[in-house]
Amino acid sequence: MTETEIRALAAEVLAGIAPEADLATVGDDEDLRDALDLDSMDFMNFVIGLSQATGRKIPDADTPRLQTLRSLVAYLGG
Amino acid sequence: MADFLMPALGADMETGTVVEWRVRAGDRVRPGDVIAVVETHKGAIDVECFLDGVIDELVPLGQALPVGAVMARVRAPGEAAAPAAAPPPPPPEAPRPSPPAAAPQAATAAAPAPPAVARAPAPATRARVSPAARRRAQALGVDADALAGTGADGAVVLADVERAAAAQPAHAAKPRGFDPALMRQAIAAAMAKSKREIPHYYLQSTVDFTAAQAWLDAWNAERDAIDRLLPAVLLLKAAARALVAVPALNGFFADGAFRPGDGVHVGWAVSLRGGGLVAPAVHHADRRTLPELMTALRDLVQRARSGGLRSSEMTDPTVTVTSLGDRGAESVLGVIYPPQVALIGFGRIVVRPWVVDGRIAPRPLVALSLAADHRASDGHLGGQLLAAIDAALQDPASL
């Protein structure tokens, strides 16, 4: 996946979880959970959404790497 | 012939408005069927019917009815419909909320006309929708993917969404969420009543979450994201189990006496995006497995936020549990939701120094609290409940 595709995917998954959240306002190194007020259930749903859309297993130990846009792009692009 | 009454969907509810009937006059209804959608201060609730028979005399849409008013009548199976065999008509003073003359007019006004504009057939592939348009569509309850776009390359843009929303009938255009101002009023009323009438007492304990966390990590390590568990389900199950052991904190205080709940139906406090709070029931939480509880919580949170909670979930909670989650405060002392008699609170799990076998060690800890009604119990009993929750969390495999 390209960076653009990953960012678009993240935005789409988040739109289903936090409809009013605007990913464009979130810095690359900001914690998405703080920036978008995601609770543990929201973040888990975010991981599930990314996992299902990419067909990729995301081990529980890797989920901290999905907490910022920069590390998320690196993780899913890698 | 039985009356189907407007249910009290919370301590604070005075009126409800039927915004949709899911059945028609003459339909057979069975206990547990969702028969109507009722708008309340806490959003639109799917109202279940616990009668069995043929439904009739549905009230018109769009009228605010007091709690206890007749919404419809249900004829038992086998009960003859013919007027000769039917029981005598209700006396004139029976609470009929709607004068018949006003009824047809109200029904017409509220009946949803299908939106005539901008509804393209559902596209085979996902329509191109601008992010701004998609956000607005979600806020307005419009299906952006079903719109014909007027933007570049036929993309759906903000203006298309606004136009489609304007074309929808008033009540259908409302998202199936809640109105934050009404929600605030509902919470204010219930909490003011609680603080006015319930003599609260509070207890707090700190629980070592090490065993539970280790069990959880092992469970989650090998599983797909969809099958993983959050700490919240362990907390929920531990609380539910403890309430079985200490039933005097599970139930209601009404008419000057405590009445135990008929099962442990945990009202799970869900914070709503945009402000507001609702605590719908997880029925029989003590009897469900952890994966079942995880599925139930996920479903409950989803429906609490987007609409579609059921009336039984609003009326059945016998206790409330609030868990602040991984970004919340360290502890909470709750306000009891009347007529319940207890609220169990869990703070954020934090790593702090803890004494283990005479030595200080870093441990994950959770602040556990109880707010309870002194009319129904004393602190000694409350302490037993907290001890039972702690004990359950030290043996997570048993949950």
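**View 1. Arg223(B) over the ring of Trp219(B) in the predicted model.** The charged end of Arg223(B) sits over the ring of Trp219(B). Its distance from the ring centre is 3.5 Å.

**View 2. The stacked pair Trp215(B) and Trp219(B).** The two ring centres lie 5.5 Å apart. The planes make an angle of 20°. That angle is under 30 degrees, so the pair counts as stacked. Both residues belong to helix 6 of chain B, which covers residues 210-221. They are four residues apart, so about one helical turn separates them. Trp215(B) is partly exposed, with a relative accessible area of 21%. Trp219(B) is also the residue whose ring carries the charged end of Arg223(B) over it.

**View 3. The tilted pair Phe43(A) and Phe46(A).** A count over all chains gives two aromatic pairs. In the pair Phe43(A) and Phe46(A), the ring centres are 6.1 Å apart and the planes stand at 45°. Helix 3 of chain A, residues 40-54, holds both residues. They are three residues apart there, so the separation is about one helical turn. Phe43(A) is buried, at 9% relative accessible area. Phe46(A) is buried too, at 0% relative accessibility.

**View 4. Arg33(A) over the ring of Phe43(A).** The charged end of Arg33(A) sits 5.7 Å from the centre of the Phe43(A) ring.

Key. Residues are numbered from 1 along each chain as its sequence is written. Chains are lettered from A and ligands numbered from 1 in the order in which they are written. This is a predicted model: local features need pLDDT of at least 70, side-chain atom pairs count only at pLDDT 80 or more; totals for chains, interfaces and linings use all residues. Side-chain values use heavy atoms; hydrogens and water are left out. Rings of Phe, Tyr and Trp (its six-membered ring) pair if their centres lie within 6.5 Å; planes under 30 degrees apart count as stacked, over 60 as edge-to-face and the rest as tilted. Helices (H or I, at least four residues) and strands (E, at least two) are DSSP runs, numbered from the N terminus. Buried means under 20% relative accessible area, exposed over 50%, partly exposed in between (1.4 Å probe, protein chains only). A charge sits over a ring if NZ of Lys or CZ of Arg is within 6 Å of the ring centre and within 35 degrees of the ring normal.
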